[in-house]
Amino acid sequence: MADPVTFLPCCSLTALFFCRIIKTVVKTFKYFFGLRFEVKGLENFKVEGPAIIVSNHQSILDMMGLMEVLPDDCVQVGKKELMYTGSVGLIIYLGGVIFINRKSTTSAKMVMAEVAKTMTTENVKVWVYPEGTRNCTGDLLPFKKGAFHLAVQAQVPVIPVVYSSFTTFYNPKKNLFTSGKIKVEVLPPIETKGLTSDDVSDLTDRCFRTMRETLFRLSGRPSEAKDSS
Ligand SMILES: CCCCCCCCCCCCCC(=O)SCCNC(=O)CCNC(=O)[C@H](O)C(C)(C)COP(=O)(O)OP(=O)(O)OC[C@H]1O[C@@H](n2cnc3c(N)ncnc32)[C@H](O)[C@@H]1OP(=O)(O)O
Ligand SMILES: CCCCCCCC/C=C\CCCCCCCC(=O)OC[C@@H](O)COP(=O)(O)O
């Protein structure tokens, strides 16, 4: 059986207040870590109603970048294991994270199908990391299709968000980093009205290509985006 899906935390005023506190606290971390964020395209979040936000996922440092742009009416999809990480698990549960079981495709799909229904009635945006895992190689992993099925099922736009590569200042193996600048770009929404499940692969490819091109541009590697497709 699929796990129940609720948007309870993000839909109450108390939770909104709680999320604001988390955001404010986490946003101050960048001063201690010496990280700077340059954000462009925030106006692209101003779509009417719900949407699926997809972004690249390089490390836990993403959580700082997340707080720079996260809209108020937005919940995240995360792996179930995060729920069992003590106080962090509790904080992200209260922050509205929807947990999926990556070890069971059936359960993950059922949760996502439920989210597709609920997000429209509750009018929330859903943030998914389509690579499905952390990847700090300076490139993107092939995208999983869950986010795009979700967008098509709910008939809502996909808004890609790209963070420049951390490779110049971060070593994920040693978990060491120096100060650095992270460029973040929120790209224009991609409409899905009228698309069906047959169009999901094309939609996934289109988002992947656009995001990869943007990742290389933001990271100062424009030529590689043209070389490989
Ligand atoms: C202020 C705020 C406070 C809060 C703090 C927040 C911070 C916390 C942040 C936490 C951050 C946490 C960050 C994290 O934790 S990131 C890790 C967790 N997130 C993800 O894994 C999301 C991305 N993954 C996916 O989308 C996968 O596809 C899923 C998980 C859904 C299945 O993966 P799986 O590997 O099992 O299977 P598959 O991908 O090979 O797909 C198999 C087939 O199924 C098809 N299919 C897929 N989906 C659907 C669907 N919905 N309806 C219908 N069909 C669907 C698909 O097309 C394919 O068919 P075909 O195409 O081959 O024919
Ligand atoms: C009012 C209290 C304020 C206190 C502030 C506390 C700070 C905590 C706030 C934000 C939560 C941070 C959540 C950490 C979530 C970790 C996300 C992450 O990076 O998970 C890894 C997962 O994606 C993929 O896993 P794998 O790469 O497949 O293995």
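How far does a polar side-chain atom of H57 lie from an oxygen atom of ligand 2? In this predicted model, the separation is 2.6 Å, which falls within the 3.5 Å limit for a pair of N or O atoms to count as a polar contact (within protein, one atom must be able to donate a hydrogen and the other to accept it, and residues adjacent in sequence count only if both atoms are side-chain atoms). Local features need pLDDT of at least 70, side-chain atom pairs count only at pLDDT 80 or more, and totals for chains, interfaces and linings use all residues. Residues are numbered from 1 along each chain as its sequence is written, chains are lettered from A and ligands numbered from 1 in the order in which they are written, and side-chain values use heavy atoms, with hydrogens and water left out.

A polar side-chain atom of R102 is 2.9 Å from an oxygen atom of the ligand, and an N or O atom in the side chain of R134 is 2.7 Å from an oxygen atom of ligand 2. On its own, ligand 2 has 770 Å² of accessible area, of which the protein covers 76% (areas come from the Shrake-Rupley method with a 1.4 Å probe; for residues, only the protein chains shown count as cover).

Helix 2 spans residues 13–33 and contains F29. F29 belongs to a nonpolar surface patch with F17, I21, V25, F32 and F33, and together these residues have about 620 Å² of accessible area. Such patches are made of residues with over 30% relative accessible area and no salt bridge, like charges being joined within 9 Å and nonpolar side chains (Val, Leu, Ile, Met, Phe, Trp, Tyr) within 5 Å. F29 counts as partly exposed because its relative accessibility is 32% (buried means under 20%, exposed over 50%, partly exposed in between, with a 1.4 Å probe and protein chains only).

Side chains of opposite charge can pair when their charged atoms come close. The structure holds 9 salt bridges, each a side-chain nitrogen of Lys or Arg within 4 Å of a carboxyl oxygen of Asp or Glu. One of them joins D72 to K23, with the closest N and O atoms 3.0 Å apart. D72 lies in the loop between helix 3 and strand 3 (74–79) and K23 in helix 2, so the pair ties together parts 49 residues apart in sequence. D72 is partly exposed at 34%, whereas K23 is buried at 13%. R20, K23 and D72 are linked in a network of salt bridges.

The side chains of D139 and R212 form another salt bridge, at 2.8 Å from N to O. D139 is in the loop between strand 5 (125–128) and helix 6 (146–154), and R212 is in helix 7 (residues 200–218), 73 residues apart.

Terms used:
Helices (H or I, at least four residues) and strands (E, at least two) are DSSP runs, numbered from the N terminus.
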